[in-house]
Amino acid sequence: ISRDLYNQMTSNMKDLEILLVTDTNKVKDTLKLLEKEAVIRDEVMNLKYKSDATRLIFNSYEPVVNDINKNLNEITDGINLRLQEDAHTSNRSVRFSFLLTVSITLAAVLLGFIITRIITNSIVSPINEIEVLAKALSEGNLNYKITYTSKNELGKLAENMRKSINTFTLYIKEIDEVMSELSKGNLNVKI
C-alpha cells in the first residue's frame with residue numbers, strides 16, 4: 001500500500017470509527033493492522049536483498065493485508081446489513097404514512113359526503129313537504145298540516161302556508177254557515 005493510500009485509509013477508518021456504533025472494535029483492529037502493514041512495508045523498502053523482501057512480503061506483509069481485507073469485508077457486510085435494516089424501517093414508515101394519508105383522505109371524503117347529505121336533506125326535506133302541501137291545496141284538501149318549522153326562508157314560507165290554510169278554512173267555514181242559513185230561507189244573514 002502506498003503512503004498516500006495508507007494515509008487516506010487511516011483517515012477514512014477513523015471517520016468510520018466515529019460513525020459506526022456497532023463495529024468500532026473491528027475498525028480499531030483494522031487501524032492496528034494498517035499500522036502494522038506500514039511498519040512491514042517500510043521494512044520491505046529498506047531491505048537490500050530482493051530475496052529477503054520477498055520472504056518478508058509472503059510471511060508477514062501478505063497475511064496482514066489479508067487480515068485488513070477480511071476486516072474491511074466484515075465492516076462492509078455490517079454496514080450493508082445496517083443499511084438494509086434502515087431501508088426496511090424507512091419502507092415501513094413510508095407504508096404507514098401512505099396508509100395514514102389514505103385513511104385520513106377517505107375519512108375526509110366520507111365526512112364531506114355525510115355533511116353534504118345532511119345539508120341537502122335540510123334543504124330538500126322542507127321543500128318536499130311544502131311541495132306535498134301545495135299539491136294537497138291544489139286538490140282542495142285543506143286538512144293537510146305542514147310540520148316544518150324554522151327561522152330561515154323555508155320556515156317562513158311554511159308558516160305563511162299554514163296561515164293561508166287557516167284563513168281559507170275560516171273563509172270556507174263562514175261561506176258554509178252563510179249558505180246554510182240561506183238554504184233555510186234566512187235572507188237576513190250578515191257576513
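## Exercises on a predicted helical model

Asn 141 has a relative accessibility of 32%, so it counts as partly exposed. The model you are looking at is predicted, so keep that in mind as you work.

**Exercise 1.** Find where Asn 141 sits, and work out how far it is from Ile 165 in sequence and in space.

*Solution.* Start with the place: Asn 141 belongs to the loop between α3 and α4. Next, count along the chain: Asn 141 and Ile 165 are separated by 24 residues. Finally, go from C-alpha to C-alpha, and the distance in space is 9.5 Å.

**Exercise 2.** Now try Leu 100: is it buried, partly exposed or exposed, and how far is it from Tyr 61?

*Solution.* Leu 100 lies in helix α3. Buried means under 20% relative accessible area and exposed means over 50%. Leu 100 has 41% relative accessibility, so it counts as partly exposed. As for distance, Leu 100 and Tyr 61 are 39 residues apart in sequence, and their C-alpha atoms are 58 Å apart in space.

**Exercise 3.** Describe how α3 and α4 pack against each other, and say which residues meet.

*Solution.* First, locate the helices: α3 covers residues 50-138 and α4 covers residues 153-183. Their axes are 10 Å apart, at an angle of about 20 degrees. Angles under 35 degrees count as roughly parallel, and therefore α3 is roughly parallel to α4. The crossing of these two helices is left-handed. Next, look at the side of α3, where Ile 123, Pro 126, Ile 127, Ile 130, Leu 133 and Leu 137 take part. Their partners in α4 are Leu 154, Leu 157, Ala 158, Met 161 and Ile 165. Sorted by class, this contact has 11 nonpolar residues, with no polar and no charged ones.

**Exercise 4.** Which residues touch the most other members of the largest nonpolar core, and which helix gives the largest share?

*Solution.* This core has 17 residues, and Met 13, Val 27, Leu 34, Ile 40 and Ile 68 touch the most other members. Two or more residues each come from α1 (3-19), α2 (24-46) and α3. The largest share, 7 residues, comes from α2. Apart from this core lies another of 8 residues, including Ile 130, Leu 133, Ile 146 and Ile 165.

Technical notes:
Residues numbered from 1 in each chain as written. Predicted model: local features only at pLDDT ≥ 70, side-chain atom pairs only at ≥ 80, totals over all residues. Heavy atoms only, no water. Axes fitted to C-alpha atoms, helices over the stretch in contact; angles between N-to-C directions. Helix = DSSP H or I, 4+ residues; strand = E, 2+ residues; numbered from the N terminus. Parallel < 35°, antiparallel > 145°, perpendicular 65-115°, else oblique. Left-handed = near helix turned anticlockwise from the far one by under 90°. Contact = heavy atoms within 4.5 Å. Nonpolar A, V, L, I, M, F, W, Y, C, P; charged D, E, K, R; others polar. Core = buried A, V, L, I, M, F, W, Y, C linked by side-chain atoms within 4.5 Å. Buried < 20%, exposed > 50% of the residue type's maximum accessible area, 1.4 Å probe, protein only.
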